[in-house]
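Let's take a friendly walk through one protein model together. Have a look at the sequence and the structure first, then read on.

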Amino acid sequence: MSTLQEQIVAQTLLWQQELTAVNNHQQLEELRIKFLGKKGSIQGLFEQLGSCSLEEKRMCGPLLNALKNECEKGTKEKKIHLAASTSEHHATFDVTAYTPGQLEGSLHPYTHFITEVQNIFLSMGFELLDGPEVETDYHNFTALNIPADHPARDMYDTFWLNSPGMLMRTHTSTVQMRAMKEKKLPLAGICTGRVFRHEAVDASHDHTFFQCEGILIDKNVTLANLFGVIEEFLRALFGSDTLTIRTRPGFFPFVEPGVEIDMQCPFCTTGCSTCKKTRWIEVFPGGMIHPNVLKEAGIDPTVYSGFAFGFGLTRLAMLRYGIKDIRMLSNGKVQFLKRFT
Ligand code: DAH
C-alpha cells in the first residue's frame, strides 16, 4: 500500500484529469461528490491522516488541505465556464430578446419597386398575372410567333434545360398565351417576374433580372390606348403630370405593328448623364398583339384586338433609384440595402 503522501499526489492528478474531461453540469456534480462528498476520496484521506504519526501529519496535512482547496476552487470555476460555454449557451439563447441598436431588417428595393408598379397598374384596372420561370419552348417562343427556325430566337441567349423543349424563360411575354387561354375577354393584366439570359455579367447586364409584361385585349383597342396607358404609368411612377413619351417603330415577331417607346428624362430639363444628354430614355417595347398570336389562343382577330408591352423592371428600378451597377440588386450588400429601410 502506498504512503498517504503518494495517495494525495495520485488523487490530485486524478482530479485534474477528470475535471478536464467534464463538459456538463451533471458530470461536474458527480465529480464533486466523488472527491468532496461525505464519503468522497478526500474525506477518506483525512480519516487516514488521523491515524498517522505526528511527522506524517505535519507533511501531509497541508498537502491534503491544498488538494481540498483545489477541488473546491476548480468546481466553482468550471461551473462558471460551463454556463458561459456555447454548448450550454445555445439552450438558453433567446433569439427574440431585444437589444438596442440591433440591425433593422428592410424590404429589398425590388419588393418596394414591384409593389409600386403593381399598385399603379391595379389602380388602372389591370389584374396580376403569373407564370412559371421554368418554361416550355412553346410558351417562350412558338406561341409568340417565333417558330423553331426563326432568327428572332437569336435575340434571346437562352438557358436550355436538360429536358427537351424546356428552358428558363427569357422574358415575361410567356404569360401572354397562358393568360389568353385561361381568362375571359376583355382582359387586362400585368406580370412582374424574373427572367434569365445566358449573358456575361457586368455593371449593366445580369443573367437574372426582372421584367414586367402587360396585355390588354378587347374590341377596338388601338395603339393610342397603349401610348395612353404607358404615359399614365410613367407619370404616376415618376410623380410628374407633364412627363411625355415618344414612339419609334420596333420589331418583335409577336406584335404588329411593333413600337419602341421612349420617355422624357424625368431627372433633367436640359440633358444629364442618365439620358446621355438626349432628354429621352428608351424604356418600353410593345405593340399590337400579332393576329397569329391571337389566333393561337383561339381569339378571333377580326373581332378583338389588343396591345402588349414588356419592359425591363430592373432597368426602370435602377433609373428610379439611381443604381449604377445592376449587381447591387443581387449581391446582398448590407450598406446598400440599408438605404431602403
Ligand atoms: N419580350 C420582349 C423582350 O424581352 C419585350 C417585349 C416587346 C414584350 C414587345 C412585349 C412586346 O409584350 O409587345 O425583349
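Two strands count as paired if DSSP finds at least two bridges between them. Strands (E, at least two residues) and helices (H or I, at least four) are DSSP runs, numbered from the N terminus. This is a predicted model, where local features need pLDDT of at least 70, side-chain atom pairs count only at pLDDT 80 or more, and totals for chains, interfaces and linings use all residues. Residues are numbered from 1 along each chain as its sequence is written, and side-chain values use heavy atoms, leaving out hydrogens and water.

Now to the sheet. Seven strands make up an open sheet with mixed pairing, in the order β1-β4-β5-β9-β8-β7-β6. At its edges, β1 and β6 each pair on one side only. Inside the sheet, β7 and β8 pair in the antiparallel sense over eight bridges, and Val259 has Gly286 in β8 as its bridge partner.

| Strand | Residues |
|---|---|
| β1 | 127-128 |
| β6 | 245-250 |
| β7 | 255-264 |
| β8 | 280-289 |

Next comes the core. A nonpolar core is a set of buried (under 20% relative accessible area, 1.4 Å probe, protein chains only) Ala, Val, Leu, Ile, Met, Phe, Trp, Tyr and Cys residues joined through side-chain atoms within 4.5 Å. The largest one has 47 residues, and Phe233, Phe311 and Leu316 touch the most other members. Helix α9 (residues 223-238) gives the most to this core, with seven residues. Apart from it lies another core of 25 residues, including Ala152 and Met180.

Note on methods. Buried means under 20% relative accessible area, exposed over 50%, partly exposed in between (1.4 Å probe, protein chains only).
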